[in-house]
Structures are given as structure tokens and as C-alpha cells.
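I opened my notebook to look through this model piece by piece. My notes follow in the order I made them.

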Number of protein chains: 2
Amino acid sequence: MSVEHRPSPSGLAGVDEVLRRVREAGGRATTSRRILLERLFSEGSHKTAEALAHEVQRVAPDVHLSTIYRNLEELERLGVVTHAHLGHGPATYHLATETHGHLSCESCGATLEAPLGLFDGLAEAARTAFGFEIDPRHFAVLGHCAACRAREAGAADA
Amino acid sequence: MSVEHRPSPSGLAGVDEVLRRVREAGGRATTSRRILLERLFSEGSHKTAEALAHEVQRVAPDVHLSTIYRNLEELERLGVVTHAHLGHGPATYHLATETHGHLSCESCGATLEAPLGLFDGLAEAARTAFGFEIDPRHFAVLGHCAACRAREAGAADA
DNA sequence: GACGTTGTTGCGAATGATTCCCATTACCCC
DNA sequence: GGGGTAATGGGAATCATTCGCAACAACGTC
């Protein structure tokens with residue numbers, strides 16, 4: 001079996017390499033774990049545990065939701081996956097290689113991926129004022145997106 | 001009956017005025033609502049619904065937790081109260097007159113109240129880059145506080 | 001002050017997201 | 001290929017919050 005050559009998001013070699021890392025850490029390369037990883041490496045991020053469960057179950061119907069949660073937790077411990085909270089509602093999971101913050105619209109729920117540089121001003125201010133080091137990745141910053149602001153402004157005018 | 005003269009946090013006159021506003025909006029000035037408001041106007045913010053329930057129940061033991069939630073929801077609709085999410089765990093409630101953002105430590109759970117000005121840099125950047133208007137009050141920005149950073153750095157050295 | 005309307009309450013059950021427990025299964029090292 | 005043990009399926013437990021509903025209590029009116 002050769003190494004995967006798919007263009008992985010940004011540095012992690014692929015499913016097989018992750019599974020190798022899992023085994024090095026004393027874990028096992030189970031089928032559910034492999035399928036879950038394939039889904040995580042596929043396009044489209046910000047998937048909830050339940051969405052991932054559905055995707056996995058299309059291939060292996062017996063994989064239980066709690067197995068998904070356990071695997072995500074384990075993969076997170078290994079640094080392969082992270083989760084983010086985009087507002088109310090369930091957490092979303094994605095590969096740890098995709099590092100960005102999130103701006104999430106309170107009106108329509110849309111989520112923007114924000115380059116970490118966007119948070120530099122706040123990071124600097126928090127560091128200076130409080131010695132506090134922000135982590136913009138774990139929780140989204142809420143607010144209102146351009147489309148909703150335009151719509152709401154229009155409604156106010158009408 | 002005279003207006004309350006207690007030094008209210010920052011502009012809202014007091015329990016009686018809020019209850020007046022409630023009645024103007026077609027609501028009723030019930031005992032549980034009055035007691036809840038007294039607790040909200042008392043010192044110490046960032047209280048969870050459950051903590052508020054305990055405080056209220058010290059005075060009126062039969063007030064049910066769901067009543068607290070309903071009253072908080074109603075008061076929030078009237079613009080008297082807001083809630084914030086300070087990380088994992090339950091939401092916290094406080095008077096809407098206290099406007100500040102939150103920095104919440106992922107290690108120790110401590111929460112700092114941050115003046116809204118701290119977020120100006122991020123607000124500007126998000127507006128320019130995405131037309132996105134942030135609301136720094138509803139969700140805390142997570143990260144690591146000075147104390148925990150010092151402790152963790154020390155542990156790393158040891 | 002009694003009355004009726006209708007907003008509110010107490011209570012428990014329902015929900016949604018996640019975690020826990022446990023007996024069974026299936027990796028994978030030797 | 002057998003055995004030790006990590007992982008799984010299944011369901012029950014948990015935590016925060018919401019809902020449904022019958023009984024109750026504000027408050028304007030008479």
C-alpha cells in the first residue's frame with residue numbers, strides 16, 4: 001500500500017499516516033476510525049459529530065454515534081483534530097491543520113473562516129491590558145454578517 | 001412611593017422601575033419576578049440560572065428553576081438582562097446596563113471583564129475584511145490568563 | 001372588595017448534545 | 001492463530017434548557 005497522494009489540507013499526510021500515529025500511541029487502526037478519518041480528510045469542514053456519524057454510516061451503518069465521539073476525542077488528544085463552537089448548537093470538528101478563527105452570524109448562522117491575523121489587534125490589546133493570551137480558534141466571535149446587516153438595514157428603511 | 005435611590009450599576013433605576021416597564025409591556029409584577037430582579041441588581045454578576053434560582057429560593061423556596069428561565073427570557077426580551085457564554089458550561093446572566101466583553105481562561109475558568117474598546121482592533125479588521133460587525137458581548141473570547149500562563153511556563157521549566 | 005381575564009407558576013416530562021458504563025468484539029503483537 | 005486489551009455497540013445517565021398543561025394569582029373593572 002502506498003502513501004496517500006491526495007492534496008491534504010496543509011501538512012498532514014493522510015489517513016494512513018494518522019493511523020500510523022494512532023498505533024504509535026498505543027491505539028488501534030479500527031475500521032470506524034479509518035472511515036471517520038476519510039470523512040475528515042474529505043472536502044467540507046465544520047462538520048458536527050452527528051453529521052460525521054451520518055457520513056460514516058453511509059459506508060458502515062453500524063458505527064454508533066458514541067463511537068464517533070470517542071474517536072473524535074482520541075484524535076483530538078493526538079492533535080489531529082480540533083473542534084470549534086460556532087455559536088449555539090453543536091460543536092464542529094475539523095483537521096487541526098486548518099488553523100483559522102471563526103466569525104459566526106447570529107442572525108443567519110453563517111460562519112466565516114477568518115485568518116488568524118485578523119485577531120492580532122485584539123491579541124495585542126488583551127496581552128497588554130491583562131496579560132491574557134487569546135486563542136481565537138476554539139470559540140467563534142459572534143456578530144452580524146454583511147448580508148444580514150444589509151437586509152436588516154433595508155427592512156428598517158422600508 | 002418614591003423612586004429607588006440605590007446606586008444602580010449604570011443607568012437602570014432599580015427593581016421598581018423595571019417592574020413598571022414590565023407592566024407597561026403587558027406583563028405582571030409577580031413575586032418571583034421581583035425577587036429575581038433584586039438578585040440581579042445585587043452585587044456579583046455572571047450568575048448562572050441555577051445560581052440565581054438558589055438565591056431566589058433562599059427567600060421563596062417554591063420558585064421553580066423553569067420560572068427563573070422564563071423570567072430571564074422575558075427580562076431579556078425587555079432589554080433589562082442579557083446572557084453571555086463564557087466557555088463550556090451554562091450561560092451567565094447580568095443586567096444589560098453592564099456592557100463589557102469577556103475573556104475567559106480555558107485552564108482555570110476565570111473570566112475577565114474587558115472594556116469594549118479592547119475589541120476595536122478586531123471590530124475594525126472584521127468590518128474591513130468581511131463587512132462583519134462583531135458583538136463581543138454575547139460570547140467570551142477564550143484563551144489563557146496571566147496566572148495560568150505563568151504557572152504553565154514554570155511547570156515547563158521545572 | 002369581589003370578579004373575570006389572562007399572564008404566570010409549579011411540576012414533570014421532553015429535548016439536544018455529550019458522556020459513561022459494560023458486556024462483547026476485533027486489533028495486532030508474539 | 002491465540003491472547004491481552006483497546007475499541008465498539010447499545011443504552012442509560014447527565015447537564016442545560018425548553019415545553020406542555022392544569023392550577024394559580026395579578027390587576028383593571030365594576
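**Entry 1: DNA strand D.** I looked up what supplies the surface near DNA strand D. The largest share, four residues, comes from α4(A). I noted that helices (H or I, at least four residues) and strands (E, at least two) are DSSP runs, numbered from the N terminus. At least two residues each come from α2 (31-41) and α4 of chain A and from α4 of chain B. I found 26 residues around DNA strand D, and the closest are Gly27(A), Thr67(A), Ala29(B), Ser66(B) and Ala91(B). A residue is near a strand if its C-beta atom, placed from the backbone, lies within 6 Å of it. By class I got seven nonpolar, 13 polar and six charged residues. Here Ala, Val, Leu, Ile, Met, Phe, Trp, Tyr, Cys and Pro count as nonpolar, Asp, Glu, Lys and Arg as charged, and the others, Gly among them, as polar.

**Entry 2: ground rules.** I am working with a predicted model, where local features need pLDDT of at least 70 and side-chain atom pairs count only at pLDDT 80 or more, while totals for chains, interfaces and linings use all residues. Residues are numbered from 1 along each chain as its sequence is written, and chains are lettered from A and ligands numbered from 1 in the order in which they are written.

**Entry 3: DNA strand C.** I found 27 residues around DNA strand C; the closest are Ala29(A), Ser66(A), Ala91(A), Gly27(B) and Thr67(B). α4 (65-77) of chain A, α2 (31-41) of chain B and α4 of chain B each give at least two residues to this surface. The classes are seven nonpolar, 13 polar and seven charged.

**Entry 4: where the chains meet.** How many residues of chain A are in contact with chain B? I got 26, in contact with 26 residues of chain B. Contact means that the C-beta atoms, placed from the backbone, lie within 7 Å. On chain A, α5 (120-130), β6 (133-134), β7 (141-144) and α6 (146-157) each supply at least two residues of this side. α5(A) gives the most, with six residues. I sorted this side of chain A into 17 nonpolar, five polar and four charged residues.

I also found β6(A) pairing with β7 (residues 141-144) of chain B, antiparallel, over two bridges. Strands pair if DSSP finds at least two bridges between them. Glu133(A) has His144(B) as its bridge partner in β7(B).

**Entry 5: a sheet in chain B.** I traced an open sheet of three strands, ordered β1-β3-β2 (chain B), with antiparallel pairing. β1 (47-48) and β2 (81-84) of chain B are at the edges with a single partner strand each, so one side of each has no neighbour in the sheet. Four bridges join β2(B) to β3 (residues 92-95) of chain B. His83(B) stands opposite Tyr93(B) in β3(B).

Terms used: Two residues are in contact if their C-beta atoms, placed from the backbone, lie within 7 Å.
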